[in-house]
Amino acid sequence: MSFQQNFRHYSSKSKSEIDLTLFPVERIRNFSIIAHIDHGKSTLADRLLELTGTISKGGHEAQMLDRLQVERERGITVKAQTATLVYNYQGNDYLLNLIDTPGHVDFSFEVSRSLAACQGVILLVDANQGVQAQTVANFFLAFSQNLAIVPVMNKIDLKNADPESVAIQMKNVFEFEPKNILRISAKTGLNVDAVLQSIVERIPPPKHCNINKPFRALLFDSWYDRYRGVIAVIAVIDGIIRNGDAISAKHTGKSYEIKDLGILQPNEVSLSCLQAGQVGYVVCNMRSSNEAKVGDTLFKKGLTNVEEVASFRQSKPMVFAGVYPMDQSETAALRSALDKLTLNDSSVTVAKESSAALGQGWRLGFLGLLHMEVFNQRLEQEYGAEVIVTVPSVPYKSELLGEKNIKLYGARDIIVNNPAQFPDISIIEQFFEPMVLGTIITPDVYFGPIMSLALDRRGVQIDSKNIDNSRIMMQFRFPLNEIAVDFYDALKSLSSGYASFDYEEDGFQESDIVKLNLMLNGEIVEELCTVVHVSKARKYGKEICLRLAETIPRQMFQVAIQAVIGGKVVARENVAALRKDVTAKCYGGDISRKMKLLKRQAEGKKRMKSIANIEIPRETFIKVLKR
Amino acid sequence: MRFSSKFFSPCSTDILENLKTEATMYFHWPFCKNICTFCSFNKYKKVENSFSKIIDERMEKCLIKETETILGFTGIKKINSIYFGGGTPSLAPTTTISRIINCVKQLTNVDEQAEITIECNPSSLSMTKTLEEYFKFGINRVSVGVQSLDDGTLKVLGRDHSANDSVMLLKSALDVFGSDAVSVDLLFRKPGDTIQSWKNELNEILSYKPHHISLYELTPERGTPLFRQLQSGTVVLPNEDDAASMYILALELLKEYGFERYEISNFARAGSCAQSSHNMSYWNGTQYVGIGPGAHSRFFPLGANSRESRVQALDPKSWQDLVERNGHATRLCRQQSQIDVLSELVATSLRTTKGIQPKRWLIFQPEYSLVDVFEQAPSIQMLFLSGNLQWSVDGSLQATEKGLNVVDSILPNILTVLNEFYETNKLKV
């Protein structure tokens, strides 16, 4: 997070007029808005904040809750943000806690941890675009957590809005009765008050809360402030918490003293206490976001046998990619940029990686593809660091063969995140690859092309149904590896942008995967090796051989580029030997310029990696490895 | 082949002392009637008028004065060859050329057989008479700047002569000086060249039976009109692949006609005496003294142990002023380290078929032989294995026929090995 934003948050901190002790649990509602990208979630959130007087109308930046630059630019929310609103319903003040969720494919983990603090959600659907793949994914997340769902159709003021057929879709996919669907325009404010009323009416207050028990809370979000350390967002389940209280964290076992607490509106507003059922922030000298484990339970220090609020689950990276500085001299700058960003996003795993071709770098693990993209954009935009990101890979599970090997690795199943560390095939009983359940919603005219794309990506169809007269919902089981590179782009381009896609993890599946080795004049080049399904090996091998043949500069001898599986060559290209590389010029007495040029060339050669005596410039590796 | 450095080292100082007494001389005449679009040498357009005689006289006086001064800085006793280049030296009055030769002869020993060359442009000679004069006062070799035999191409390149002028000059030169003493300069990869047209051009030149041909690839240099024309797209050169084909075709054709390539760009009839000894001296580390605007030198000042690299003032006017004031117009003078000298020796001699000769190497590096430095280096092993580099019977490190074609790829490796050898053995550079 940039300095300015931090500064803004810090300076806007003020004493609130709100007295939280006036709100018993029955008059608290915790809810999220879930929607497909661009369906108007942030606009609705802004409108709710305005209507309740939490922020002044128009006197703020667009879409208050999107704090990060990249979020504003792309209209998506990555980090969940939270705001507390006070709403008067039939003469009583209610405390509404809007828990904002990330709005895109691939942050389902973030979504689910936000939802753990809620009792209900607003499911927002664009009256023009209708139900999209992500709407479906988010619906099922909320549904599986037994949350109350308030269906809302947005943008009904648009000229080409089609509320009737969208209502049919919502009926077909989610079984909502059309009469229960609110029809609003967040942009104009039309019917937004009905949303507030429905929140109070249809969403239950926090359950299992007891103000008389000792303090216990769920930590469901955190971010890092360079002046105050970690700011943790919590939902209080039991008891009361005040400044100066001593608390412990169940999962990390560490203890802290509360330095500051309050609610988010959406900037921090300091208060004297938070009590059962309420949502707010605490500052307690946590040094890094690693300490603030999302899903962890905080409790009054000294309590024993504390029951966990939610079952804690460590986020699990599913997509890996190498990240290297464009220039090796920028290594230190990239390291510090990574450090800063991971302070704010503990779901990214970081491991040092060193490549002979690309130098010192890091292998990062991301929750999903968009997570990776957003992270890289943040890296480039907020820190101005130019980075090389390698083609993403997925973790493979391999079951080892023989007791000796199991003992050696300490487990029967090992997970390999990096093709370079792929174990020798002879000690492997069986490979498993990660799978996803993908949902595609599209106008039915694109059914054919999407079907062939899915089959090409080794998709197996699970389900297909019409959700209205012209739209169809298809579900496939895909290997994650197959959708990791350019699947989303391919889908968008063959459906002219109309098809939407989302996926959820779906375990591992036994798979016939092989390690594809790349050889130059018979020598294996580790950094170009990759793991592919056997059916794709030849095609991929051919592709990468061609790309290499185009980028490896001609040498003084022929270069054979081979893609090899086991001992078998599946693809081959040649780079013909240089015919002439000599300046046929008159070099009499004036050779100073020639010497200067030679010196530069000699220095350039030092920076090249030599494999089997073939000099390969760094750019070649970048071109081949970069996604 | 392993040559013990011990064997040579006792007398290497004598060899170096001997080297300091010999040199070749280069004289630069900076004026041209017309500027060629591709030329990046130090040249100035000079209009013929009533003042030009005065300019020529002043030029002559200064060339002679600088010769006296610079030679005075050195211990040079013998001049092995003299070369008049430019610009267009054949535009200079014949008397100037003659006086300069006499001046050198007075200051040093110049053998009867010492090679004395002048570059001749077809535009500047009316013709046979001048050539005969040259011959009479001791010039014994001419280099004819034919460049192209296509009138259209000559025009594009800004040459001020026709193909026919070139042929006439070439024929007279052959008549006056004999086949072994005439060289033809030809350019390839010219605008409009095709592989076939290049072959025809080369065949025609060969039909006049010169014994020496220099082939230069038209290389667009920053700052030349040609460079700008290429950038704006008004002129197009054949692509790199065709350029390679043209060079390789020339190699084959010249071989067929009995020519040997003795350096990347230089070809002489086998069995003739047509090789240029002046150029060979540049490439084997002999001292050279360059006189005139922008001329380069490499020599050991009297009593000094390190070689100097010198460049004279570029612009003729300031060069003359400086010479008149100081006796010479050296603008840049730098002491060269041992590794500088060796690098230049390597970079130039590896472009010749003879390669780096151990006896030349040991003059500058008596402690470690060529073999010591290069035989074990892993990074150049592949160059030997792939047939690009070889050791000759006499212990020279050479690029093979194939290696010469790609020597620009080889040289950076060789220089890296040399530098690393100095670093690992902590030698004083």
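1. Where in chain B is confidence lowest, and where is it highest? In this predicted model, the lowest confidence in chain B falls in helix H1 (residues 5–20), with a mean of 69, and the highest in strand S10 (residues 266–269), at 98. Chain B as a whole averages a pLDDT of 93, and 97% of its residues score at least 70.

2. For the complex, the predictor gives an ipTM of 0.89 and a pTM of 0.69.

3. Helix H6 of chain A (residues 163–174) contains 12 residues. From first C-alpha to last it reaches 15 Å, close to the expected 16 Å. Its buried residues are A:Val166, A:Ala167, A:Gln169, A:Met170 and A:Val173. Seen down the axis of H6(A), the buried residues fall within an arc of 155°, so they line one face of the helix.

4. The cover over the buried residues of H6(A) includes strands S5, S6 and S26 and helix H5 of chain A. After H6(A) comes A:Glu175, which has a positive phi, near 65°.

5. In the largest nonpolar core there are 170 residues, and A:Val121, A:Ala232 and A:Ile234 have the most contacts inside it. Strand S9 of chain A (residues 229–238) gives the most to this core, with eight residues. Leaving aside neighbours within four places in sequence, the contacts of A:Val121 include A:Phe31, A:Ile33, A:Leu115 and A:Ile149.

6. Another core, of 115 residues, lies apart from the largest one. Among its members are A:Val582, B:Phe27, B:Cys120 and B:Phe374.

Definitions and conventions
Residues are numbered from 1 along each chain as its sequence is written. Chains are lettered from A and ligands numbered from 1 in the order in which they are written. This is a predicted model: local features need pLDDT of at least 70, side-chain atom pairs count only at pLDDT 80 or more; totals for chains, interfaces and linings use all residues. pLDDT is the predictor's confidence in each residue, from 0 to 100. Helices (H or I, at least four residues) and strands (E, at least two) are DSSP runs, numbered from the N terminus. The expected span of a helix is 1.5 Å times one less than its number of residues. A residue is buried if 20 or more other C-beta atoms lie within 10 Å of its own, exposed if 12 or fewer, and partly exposed in between; C-beta atoms are placed from the backbone. The arc is that of the directions from the helix axis to the C-beta atoms. Two residues are in contact if their C-beta atoms, placed from the backbone, lie within 7 Å. A nonpolar core is a set of buried Ala, Val, Leu, Ile, Met, Phe, Trp, Tyr and Cys residues joined through C-beta atoms within 7 Å.
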